[in-house]
Amino acid sequence: MRRITFPRASWAALAAAGLWIAAAAAHGQARIKDIADVQGARGNQLVGYGLVVGLDGTGDSNSTLFTAQSVVNALQRQGLNLPQGAIKVKNVAAVFVTAMLPAFTRNGAAIDVTVSSIGDARSLQGGTLLTTPLQGADGEVYAVAQGNLSIGGFNFSAGGSQTQKNHVNAGRIPGGATVEREVPTQITDGQTVEIRLKEADFTTAARVAEAVNAAVPEAAAVALDPYTVRVNLPLAYRDRPVSFIASVESLSVTPDTAARIVVNERTGTIVIGGDVRVSPCAIAHGGIQVKIENAPIVAIPAPFSEDGRPVVVPLKEVTAKEKVARLATIPATTSVGQLVKALSGLGLTPRDLIAILQAMRAAGHISAPIEVQ
């Protein structure tokens, strides 16, 4: 990162004005706010159990006992007492409602909720969520959700035919929950602020501390561990830490990542990190194709035999064909491009490349770990 220096007087003027000048981010650089969070500024998960009503006969069946019981309980709160067996719930579905309560959210704010069916309902299309309290991990109610569902799909059936688009047993209610209780959030003790990296790395933590100290030497940033960087609040920002945090988040650093190879055999996806190093080796790739064909024949019985019926006799033909192995020499590469170029001449499929990478790792020619998903 290119550094622009100013006289100490200029630094004081910039700090007083709340303005810092950072060099343009080079390739591979990222803002601190994109790779780290401020300690204490975190969200909280909320969950609640509720009912979705107004369905067009696509709700839970009567065998879903908890749905019928929930309807009976809801009617009792409205002053109606009915036996559970008298309730038909084909227009009602039992659901779980989940939401994320962001940090610093105040009373009366609206947050999005996700509604998911937990019974055997065929669709939640056109449904309305009844008032549902949302609880945190401590059992306290922090929000209340209610509203019409947005499914983003449809499911229609008639005369034995059915058409469906997207998943219709889950939906969202944008702004469907109202916050009723605030979560106390503290991001500073009045003197320091802790920056928490989203992915632990010693090098990245050290670079974050260096970037902060280069911009504001009086911050005296220190990397405590691969996750945490402690930053002192300058005197000019003791009464307005948010402005200081905003200035720190805008600084650019070059995050460092460990060399790693990620493969997914289900989709044939291979991701090779740019820092992967390969030692010299030679690779021969070939394969054997085994083909089994069943060509049944009809055996005609001999004349005047007791059983004069023809007999079908299976005739299996097994052939094996071995592909011509191709040999590729892998030099001591320093880039992923050279490795891919060396292997591309073998005419490999993604599955073949996965097998070769695992064999190279087992032979010690690739030091990077291979993560199989």
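## Largest pocket

In this predicted model, the largest pocket has a volume of about 380 Å³. Its lining consists of 21 residues, and those nearest the pocket centre are Glu199, Asp256, Thr257, Ala258 and Arg260.

By residue class, the lining of the largest pocket comprises 10 nonpolar, 7 charged and 4 polar residues. Helix 2 (32-35) and strand 16 (269-272) each contribute at least two residues to this lining.

## Chain overview

The protein chain contains 23 strands and 7 helices. It has 373 residues, and 32% of them count as buried. The accessible surface of the protein chain is about 22200 Å², with 54% belonging to carbon and sulfur atoms.

For contacts in the protein chain between residues at least 6 apart in sequence, 68% join residues at least 24 apart.

## Aromatic pairs

A search of the whole structure returns 2 aromatic pairs. The ring centres of Tyr49 and Phe96 are 6.1 Å apart and the ring planes meet at 75°, so this pair is edge-to-face. Because Tyr49 lies in strand 3 (residues 44-53) and Phe96 in strand 4 (residues 92-101), the pair ties together parts that are 47 residues apart in sequence. Tyr49 is partly exposed, at 34% relative accessibility, and Phe96 is also partly exposed, with a relative accessible area of 39%.

Tyr237 and Phe244 form a tilted aromatic pair, with 5.5 Å centre to centre and 55° between the planes. Tyr237 and Phe244 are both buried.

Key. Residues are numbered from 1 along each chain as its sequence is written. This is a predicted model: local features need pLDDT of at least 70, side-chain atom pairs count only at pLDDT 80 or more; totals for chains, interfaces and linings use all residues. Side-chain values use heavy atoms; hydrogens and water are left out. On a 1 Å grid over the protein atoms alone, a cavity is a set of points where a 1.4 Å probe fits but cannot get out, and a pocket is an open set with protein on both sides within 12 Å along at least five of seven lines; lining residues have an atom within 4 Å of a point. Grid points are joined across faces, edges and corners, and a volume is the space filled by probe spheres set on the points. Helices (H or I, at least four residues) and strands (E, at least two) are DSSP runs, numbered from the N terminus. Ala, Val, Leu, Ile, Met, Phe, Trp, Tyr, Cys and Pro count as nonpolar, Asp, Glu, Lys and Arg as charged, and the others, Gly among them, as polar. Buried means under 20% relative accessible area, exposed over 50%, partly exposed in between (1.4 Å probe, protein chains only). Contact means heavy atoms within 4.5 Å. Accessible areas come from the Shrake-Rupley method with a 1.4 Å probe; for residues, only the protein chains shown count as cover. Rings of Phe, Tyr and Trp (its six-membered ring) pair if their centres lie within 6.5 Å; planes under 30 degrees apart count as stacked, over 60 as edge-to-face and the rest as tilted.
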